[in-house]
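Definitions are given where a term first comes up.

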Amino acid sequence: MDFIINPMETGPEIEGKGYVHWKAWQEAYTGLIDQDFLDGRSLEQSVEAARNHVVNTLIAKEGEQVIGFVVYGPYRWKDLPETGEVMAIYTLREYYGGGVGHTLMEAALAALRDYPQVALWVLKGNERAIRFYEKHSFTFDGTEQTDLMGKPVTELRMIRRQ
């Protein structure tokens, strides 16, 4: 499989990122979060969110099709100073195991190399994602938070020391 990683820049890339975000939620979170909440997420909402979050976004493309993305930056909470964060990383299911997610993660970690550690949040029970993060040297630090996605869900924090 031939794919490229580059910063998201064009309108079609933004729309492609929105599609990947919407579709990946449907593929990855069915059975993990409230189905009514999942069904209520529209493609249009995901594209609008992509328009509003262009900075620090890398996309993976096969030809002209966006097949994955990663969003990274400084950690958003105050309890971990001098920490970077991988805020989102998604690929379409048909590209699982093909190196797209790995390449996106490595690119985000390279961009965050000046931070002594990098954090991310993972949905409790999302075993596929947890295994992926563990392969990239992230470990649980014991911190949990509850988020409302139709019904309360638990997210677990993972940390990678650089």
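1. Basis. The model is predicted, so local features need pLDDT of at least 70 and side-chain atom pairs count only at pLDDT 80 or more, while totals for chains, interfaces and linings use all residues. Residues are numbered from 1 along each chain as its sequence is written, and side-chain values use heavy atoms, with hydrogens and water left out. Helices (H or I, at least four residues) and strands (E, at least two) are DSSP runs, numbered from the N terminus.

2. Geometry of α1 and α3. The axes of helix α1 (residues 11-29) and helix α3 (residues 43-52) come within 8 Å and cross at roughly 130 degrees. Axes here are lines fitted to C-alpha atoms, for helices over the stretch in contact, and angles run from 0 to 180 degrees between N-to-C directions. The two helices are therefore oblique to each other; angles under 35 degrees count as roughly parallel, over 145 as roughly antiparallel, 65 to 115 as roughly perpendicular and the rest as oblique. The crossing is right-handed, a term used when the near helix is turned clockwise from the far one by less than a right angle, anticlockwise being left-handed.

3. Contact of α1 with α3. From α1, Ile14, Glu15, Lys17, Gly18, Tyr19, His21 and Trp22 meet Leu43, Ser46, Val47, Ala50 and Arg51 of α3, where contact means heavy atoms within 4.5 Å. By class, this contact has six nonpolar, three polar and three charged residues. Ala, Val, Leu, Ile, Met, Phe, Trp, Tyr, Cys and Pro count as nonpolar, Asp, Glu, Lys and Arg as charged, and the others, Gly among them, as polar.

4. The faces of α3. Ser46, Val47 and Ala50 of α3 are buried (buried is under 20% relative accessible area, exposed over 50%, partly exposed in between; 1.4 Å probe, protein chains only). Viewed down the axis of α3, its buried residues fall within an arc of 100 degrees, so they line one face of the helix; the arc is that of the directions from the helix axis to the C-beta atoms. Glu44 and Asn52 are exposed on the other side of α3. The cover over the buried residues of α3 includes α1.

5. His21. This residue of helix α1 is buried, with a relative accessible area of 16%. Leaving aside neighbours within four places in sequence, His21 is in contact with Arg41, Ser46, Phe69 and Tyr90.

6. Ile59. Strand β2 (residues 57-62) holds Ile59, which counts as buried at 0% relative accessibility. With neighbours within four places in sequence left aside, the contacts of Ile59 include Ile4, Pro7, Met8, Lys17, Phe69 and Leu104. Ile59 and Tyr90 are 31 residues apart in sequence and 9.6 Å apart in space, C-alpha to C-alpha.

7. Helix α5. In helix α5 (residues 127-135), the buried residues are Ala129, Ile130 and Tyr133. Down the axis of α5, its buried residues fall within an arc of 100 degrees, so they line one face of the helix. Elements covering them include β4 (83-91), α4 (100-111), β5 (117-123), β6 (139-149) and β7 (151-161).

8. Positive phi. Asn56, in the loop between α3 and β2, has a positive phi of about 55 degrees although it is not a glycine, and Asn56 counts as partly exposed at 30% relative accessibility. Glu82, in the loop between β3 (65-74) and β4, has phi near 55 degrees and counts as exposed at 61% relative accessibility.
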